[in-house]
Amino acid sequence: MDEVSNIGTLFKNLREGRGLTQKEVARKVFIDATTLSKIESNQVEPSSDMLKIIMQFFGLSPRNSYERWMITQDYSTYCASKILDNQLFEKKYVEAEKLISALENSKLKKKKLFTTYLMGAKASIWIETGVDKSKIRDLLLETLHLTRDPFEEQKISEYRLIYSEITSINRLAVVYTQSGDVKKGIKVLLALKKSIENTYIDGEEKMRALPRIYSDLATWRGMEGEYGNAIELCEIAERLCIKYDKLTELATILHTKGASLAYLKRKDESRKALTRAYYLYMVSGREAMAQGLIVEAKQDFKLTIPSRYLD
């Protein structure tokens, strides 16, 4: 990625942004302050183990090159983007839209990576708040053309995609499905799945995307009445989530699995899956999703979900 800056600048901005001295950081990561000074001035390149230790100290993944790039460009904007991420997770869309407007005038407004991030955030809000689907589709296609021009839907399976593109294509599939064209949404997701499986080795980056794709595919197969296929997809995704500790996504997958089992009249298995989903929603702070699951289980499937949280 040609816009990713050197690692020394990254560490310096992280440290100064948190108001720490070189000596304080060096003591925490088990190196001397002189070595850290040389790393920050790019005289010394850290070993892979040292890189991992320092990045973990600052709460970042060594693989997340976008975060590393953001920090080296403008630390205050990076902090604001993390606030935006939390607002999106908590569905605080009014606050998120105000922050997006402010960030559109930040120092990074002319950088493609940052622009695609903001456009993607805006698209996710629009999907959740009922904005016209053709408007969302146009925004997502504009986002994809920024990093891949020309972008052609029929070639998705042939592309080696970066993570922001994977996210945008996944959202595009969601838009098609919400517009009533479930088959087209499934077709786009299957092409996206093929691209990731063919071009990524097994590991963290691959597993950032695949569970969500399997989850959406399972949901939409269920919408088509293909409940057996939906359950199979959920079980694949469930194994991936457990192996790679993707518990947030696991809740949605178990929810979909439980619903599909209920439609097949497999009530005991359905209750078990939905109960697990309920607890995962609760422990991850998504109480609205948990309560919605309780209502759905009772009204649609005539199931009662046992839970101490209900008292």
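Glutamate 165 is a residue of helix α10, which covers residues 163-178; helices here are DSSP runs of type H or I with at least four residues, numbered from the N terminus. The structure is a predicted model, in which local features need pLDDT of at least 70 and side-chain atom pairs count only at pLDDT 80 or more, while totals for chains, interfaces and linings use all residues. Residues are numbered from 1 along each chain as its sequence is written, and side-chain values use heavy atoms, with hydrogens and water left out.

With a relative accessible area of 3%, glutamate 165 is buried. Buried denotes under 20% relative accessible area, exposed over 50%, and partly exposed the range in between, for a 1.4 Å probe and protein chains only. When neighbours within four places in sequence are left aside, glutamate 165 is in contact with Leu144, Thr147, Arg148 and Arg160, contact being heavy atoms within 4.5 Å. With one of these residues, arginine 148, the side chain of glutamate 165 makes a side-chain polar contact at 3.1 Å. A polar contact is a pair of N or O atoms within 3.5 Å; within protein, one must be able to donate a hydrogen and the other to accept it, and residues adjacent in sequence count only if both atoms are side-chain atoms.

Helix α3 spans residues 33-40, and its residues Leu36, Ile39 and Glu40 are buried. Viewed down the axis of α3, the buried residues fall within an arc of 95°, so they line one face of the helix; the arc is that of the directions from the helix axis to the C-beta atoms. Aspartate 32 caps the N-terminal end of α3, with a side-chain oxygen 3.1 Å from the backbone nitrogen of threonine 34. After α3 comes asparagine 42, whose phi is positive, near 65°.

Alanine 218 belongs to helix α12, residues 204-223. Alanine 218 is buried, its relative accessible area being 0%. Beyond neighbours within four places in sequence, alanine 218 is in contact with Ala230, Leu233, Cys234 and Thr256. The C-alpha atoms of alanine 218 and isoleucine 253 are 8.1 Å apart, although 35 residues separate the two along the chain.

Helices α14 (residues 247-263) and α15 (residues 267-283) pack with their axes 8 Å apart, at an angle of about 155°. That angle makes α14 roughly antiparallel to α15, a description that applies to angles over 145 degrees. Among the residues making the contact are Leu250, Leu254 and Gly258 of α14 and Ala273, Ala277 and Tyr281 of α15.

Technical notes:
Helices (H or I, at least four residues) and strands (E, at least two) are DSSP runs, numbered from the N terminus. Axes are lines fitted to C-alpha atoms, for helices over the stretch in contact, and angles run from 0 to 180 degrees between N-to-C directions. Angles under 35 degrees count as roughly parallel, over 145 as roughly antiparallel, 65 to 115 as roughly perpendicular and the rest as oblique.
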